[in-house]
Amino acid sequence: MRTQLFIDGRWTDPVNKGQLDVINPATEQVIHVIPKGTAEDIELAVSAARRAFDKDGWPNTTGAQRGAYLRRIAELIRERSEMLARLEVLDNGKPLPEARWDIGDAAGCFEYYAGLAEQLDDTSVVDIAISDDRFRTRVRREAVGVVGGIIPWNYPLLMASWKVAPALAAGCTIVLKPAENTSLTALELGAIVQEAELPAGVLNIVTGLGAEAGQALVSHPQVDKLAFTGSGRIGSQIMAEAAKDIKRISLELGGKSPLIVFDDADIEGAVEWIMFGIFWNQGQVCSATSRVLVQDGVYDKLLTRLIEEAKKITLGDGLKEGVLLGPLVSKQQLDQVIAAVARAQEDGAQLVAGGHRPGEFSQGYFFQPTILTEVPLDSHAWKEEIFGPVVCVRRFTTESEALTLANDSRFGLAAAVMTQDNVRADRVSAALRAGIVWINCSQPTFTEAPWGGYKQSGIGRELGKWGLENYLETKQVTTYISRDPWGWYIK
């Protein structure tokens, strides 16, 4: 495990020599220390990224050259996949099978953007038709510049890949600031790009606190673009700070995503997808379908089955075989979830399953799978992101009512619909105000498809070709091609 920052292709101690403890959320024990970078380290990292972009020629490499680096990074991630997955469990707490899935997805993300980088050789400069044949106009797609990438703690290496892979594919350089709770695999990415012989300064990794390293990165005048995934509160602050320099931004923020179950839905399938939608990764998922709306005709049956299945979920250390729900990432997160459930009950919600720290664990940030019913529509639990294994269930009567309830949110990241009526599924999915809609499923994510939300769930889209567009500028180049030097004056 790494104990230094990765800046300008080298491992280096932070300027102030500070350190942060790494705590295993399953045991509450300190298992490692990481460097506590500050503004001085961000300055070094941005300077390295600036030089790599402005002077060393990284944006002038071909897409094929950049794609080769990305493919090598993907190969090295796969070679170290088991080690990386186990680090994610120790750092984040998620069950090992989930972590293995995440690492595989991270490698796949680098491979995907390697392909898009290669395609840029044929598509980055195109001629366009214009109305005056005395001129020729071309449109160029060019790298935006130095990127500041700030990622959350719920999918550490995967969220890093969502920022780093498309940025490098586009020809940008990047300074990555991982979440202070889960920086281990981000630092390992530094070792991977070093072995892949990525040019110095193209990727820099500075660990540290958001209020120190993160703020310095956001406000740095030499950063051209900010890419952030995290809470709406921090996203709003980043947007305000970026406005001072008119920095480009992409924000993937929170959600309070609805899942609608109609009377004709497959009940057993719906229960399975509800559990996947809220208990996967301990519910620490921005798109978690945490508001479940169930039509009257199947409400009682579905709720009974959901309670039965939730009680069967095995909690424990993510490295133990058979564990389906690990601990929350930190004591702070656990305390927030406990407080949210207590507040929900004070507001009138009924606790029908879970709601407590499991008594069989003397340590660890564990919390039971929790189901709340009769949740008031104006309550914190119904309106705000809890970011834990807590689902709110309400009944509805008509499709119109369900849509009104589903769309009544300041968020609009994701939504899900459970029905066997294909016409209704299409109608409802079109009416939902969300950037991602799942039909008869919840949470499948594909590198090729756009990811992002409406309203206060963010700005822009990640993944797919849309993710690459985040890191490209558009330039018009027009040439006067007439033989007559004054011909353009003549109408």
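**Figure 1. Helix α7 and the elements that cover its buried residues.** In this predicted model, the buried residues of α7 are covered by a set of elements that includes the helices α1 (39-54) and α8 together with β7, β8 (173-177) and β10. The residues of α7 that count as buried are Ala 213, Gly 214, Ala 216, Leu 217 and Val 218.

Figure 2. Gly 235, Ile 238, Glu 241 and Ala 242 are the buried residues of α8. These buried residues line one face of the helix, because they fall within an arc of 130° when α8 is seen down its axis. Their cover includes the strands β7 (146-150), β10 (225-229) and β11 (248-252) as well as α7 (210-219). On the face of α8 that is turned away from the buried side, the exposed residues Arg 233 and Lys 244 are found. Just after α8 comes Ile 246, whose phi is positive, at about 55°.

**Figure 3. The largest pocket and its lining.** The largest pocket holds about 1300 Å³ of space, and its lining is made up of 44 residues. Nearest to the centre of this pocket lie Trp 153, Gly 230, Ser 231, Arg 233 and Ile 234; Arg 233 is also one of the exposed residues on the face of α8 turned away from its buried side. At least two residues of the lining come from each of α7, β10, α8 and α11 (331-346). Sorted by kind, the lining of the largest pocket has 19 nonpolar, 16 polar and nine charged residues.

**Figure 4. The second largest pocket and its lining.** The volume of the second largest pocket is about 470 Å³, and 22 residues line this pocket. Asp 105, Leu 158, Gln 443, Pro 444 and Thr 445 are the lining residues that lie nearest its centre. The helices α4 (96-123), α5 (156-170) and α9 (267-279) each contribute at least two residues to the lining of the second largest pocket, which divides into 14 nonpolar, five polar and three charged residues.

Figure 5. Glu 309 belongs to helix α10, which covers residues 296-310, and with a relative accessible area of 18% Glu 309 counts as buried. Once residues up to four places away in sequence are set aside, Glu 309 touches Val 271 and Met 275. Arg 424 sits in helix α14, made of residues 422-431, and this arginine is likewise buried, its relative accessible area being 15%. Apart from neighbours within four places in sequence, Arg 424 is in contact with Phe 262, Asp 264, Gln 295, Glu 399 and Thr 419.

**Figure 6. Trp 11 in strand β2 and the residues around this tryptophan.** Trp 11 is part of strand β2, which covers residues 10-12. When neighbours within four places in sequence are left aside, Trp 11 is in contact with Arg 2, Gln 4, Leu 5, Phe 6, Leu 187, Gly 190, Ala 191 and Gln 194. Thr 447 stands 436 residues from Trp 11 along the chain, and the C-alpha atoms of the two are separated by 31 Å.

**Figure 7. Glu 79 in helix α2.** Helix α2 covers residues 63-79, and Glu 79 has its place in this helix. Glu 79 counts as exposed because its relative accessibility is 53%, and the cut-off for that word is over 50%. Between Glu 79 and Leu 96 there are 17 residues in sequence and 17 Å in space, taken from C-alpha to C-alpha.

Figure 8. Although Phe 387 is not a glycine, its phi is positive, at about 60°. Phe 387 lies in the loop between α12 (380-383) and β16 (390-396), where its relative accessibility of 17% makes it count as buried. Leu 463 is another residue other than glycine with a positive phi, near 70°, and its place is the loop between β21 (458-459) and α15 (464-469). With a relative accessible area of 2%, Leu 463 is buried.

How values were computed. Residues are numbered from 1 along each chain as its sequence is written. This is a predicted model: local features need pLDDT of at least 70, side-chain atom pairs count only at pLDDT 80 or more; totals for chains, interfaces and linings use all residues. Side-chain values use heavy atoms; hydrogens and water are left out. Buried means under 20% relative accessible area, exposed over 50%, partly exposed in between (1.4 Å probe, protein chains only). Helices (H or I, at least four residues) and strands (E, at least two) are DSSP runs, numbered from the N terminus. The arc is that of the directions from the helix axis to the C-beta atoms. Contact means heavy atoms within 4.5 Å. On a 1 Å grid over the protein atoms alone, a cavity is a set of points where a 1.4 Å probe fits but cannot get out, and a pocket is an open set with protein on both sides within 12 Å along at least five of seven lines; lining residues have an atom within 4 Å of a point. Grid points are joined across faces, edges and corners, and a volume is the space filled by probe spheres set on the points. Ala, Val, Leu, Ile, Met, Phe, Trp, Tyr, Cys and Pro count as nonpolar, Asp, Glu, Lys and Arg as charged, and the others, Gly among them, as polar.
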